[in-house]
Amino acid sequence: MTQKPNPLSSIKVNGPIPAHLARSVIEETLRSAILDGRIPCGTALRQQDLADLFGVSRMPVREALRQLEAQALLNVVAHKGAVVAALVQGDATETYELRILLESEALRRSIPLLSVADFELAARYIDELETEHNYTEIGRLNRLFHMALYSKAPNRRLLRLVEDGLNEEERFLRFNLEAMGLGKLSQEDHRNLLRAVEARDIEHSVKLLEHHLNRGVEVITRYLESSAAQGKKIAR
Ligand code: NI
């Protein structure tokens, strides 16, 4: 049996961290390590290990972990503490069904309040996506594009739930866009969606969004099936 590498060994800490920045530095560092897969799903993060690694007390560590939990990147599990959340929690189809409900509603409420500046911002993200080849960046730009369209929805709690869903998708995209060759297709979806939003055609916009997210369901389902098959192969 080979020894598992310590997932925290991928994290570089540059010198002492000023106390007032500790929480945000720890949060950002762990967040990007989780998002790009250096700390794999299911890894338990011990507060003391992190405090030692960052050279801080446990208090900012605890606060950072709480933030990451609120962003659905960690789950608190009895007897294990903070554990890196699964890539897709539970059933992918249910996850996307819920996202379609939430994002459609956010889009509906946001469209009448969006400004020309919002349209321009969304268009800029599409342009950046066009030339971006780094999958970490692609995942981030996709989230920002979607949030730009929903951003004027007045219900803040709704927007937070929407952003949780997008964060989850962002993680997925980072791992799998390359393998699935999905980039081009989503760009067409994004352009069509933005055009309908600019025309303030709410019903058509929602229909295009549903179509876009349903494509995500197919891709994720295909991925989960293939990785389950892969897992069986390895187990044998
Ligand atoms: Ni998208």
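## Close-up views of a predicted model

View 1. Leaving aside residues up to four places away in sequence, Ser104 is in contact with Arg99, Val206, Leu209 and Glu210. All of this comes from a predicted model, as do the views that follow. Ser104 itself belongs to helix H4. Is this serine buried or exposed? Ser104 counts as buried because its relative accessibility is 8%, and the cut-off for that class is under 20%. Look also at the side chain of Ser104: one of its polar atoms lies 2.5 Å from the backbone oxygen of Ile100.

**View 2. The second largest pocket.** Here we turn to an open space in the model. Rolling a probe the size of a water molecule over the atoms shows where empty space is left. The second largest pocket holds about 210 Å³ of space. Its lining is made up of 10 residues, and those nearest the centre are Thr95, Leu98, Asp164, Gly165 and Glu168. Which elements give two or more residues to this lining? They are helix H4 (92-110) and helix H7 (156-180). Sorted by class, the lining of the second largest pocket comprises four nonpolar, three polar and three charged residues.

View 3. Strands of a sheet pair through backbone hydrogen bonds, either parallel or antiparallel. In this open sheet the three strands follow the order E1-E3-E2, with antiparallel pairing. How many bridges join E2 and strand E3 (residues 81-84)? Four bridges link them, in the antiparallel sense.

**View 4. His79, in the loop between E2 and E3.** Between these two strands, the loop includes His79. Although His79 is not a glycine, its phi is positive, at about 70°. His79 counts as exposed because its relative accessibility is 88%, and the cut-off for that class is over 50%.

**View 5. Arg200, in the loop between two helices.** Our last stop is the loop between helix H8 (183-198) and helix H9 (202-235), where Arg200 lies. Arg200 has a positive phi, near 55°, and is a residue other than glycine. How exposed is Arg200, and what is its relative accessible area? Arg200 is partly exposed, with a value of 37%.

Methods
Residues are numbered from 1 along each chain as its sequence is written. This is a predicted model: local features need pLDDT of at least 70, side-chain atom pairs count only at pLDDT 80 or more; totals for chains, interfaces and linings use all residues. Side-chain values use heavy atoms; hydrogens and water are left out. On a 1 Å grid over the protein atoms alone, a cavity is a set of points where a 1.4 Å probe fits but cannot get out, and a pocket is an open set with protein on both sides within 12 Å along at least five of seven lines; lining residues have an atom within 4 Å of a point. Grid points are joined across faces, edges and corners, and a volume is the space filled by probe spheres set on the points. Ala, Val, Leu, Ile, Met, Phe, Trp, Tyr, Cys and Pro count as nonpolar, Asp, Glu, Lys and Arg as charged, and the others, Gly among them, as polar. Buried means under 20% relative accessible area, exposed over 50%, partly exposed in between (1.4 Å probe, protein chains only). A polar contact is a pair of N or O atoms within 3.5 Å; within protein, one must be able to donate a hydrogen and the other to accept it, and residues adjacent in sequence count only if both atoms are side-chain atoms. Contact means heavy atoms within 4.5 Å. Two strands pair if DSSP finds at least two bridges between them.
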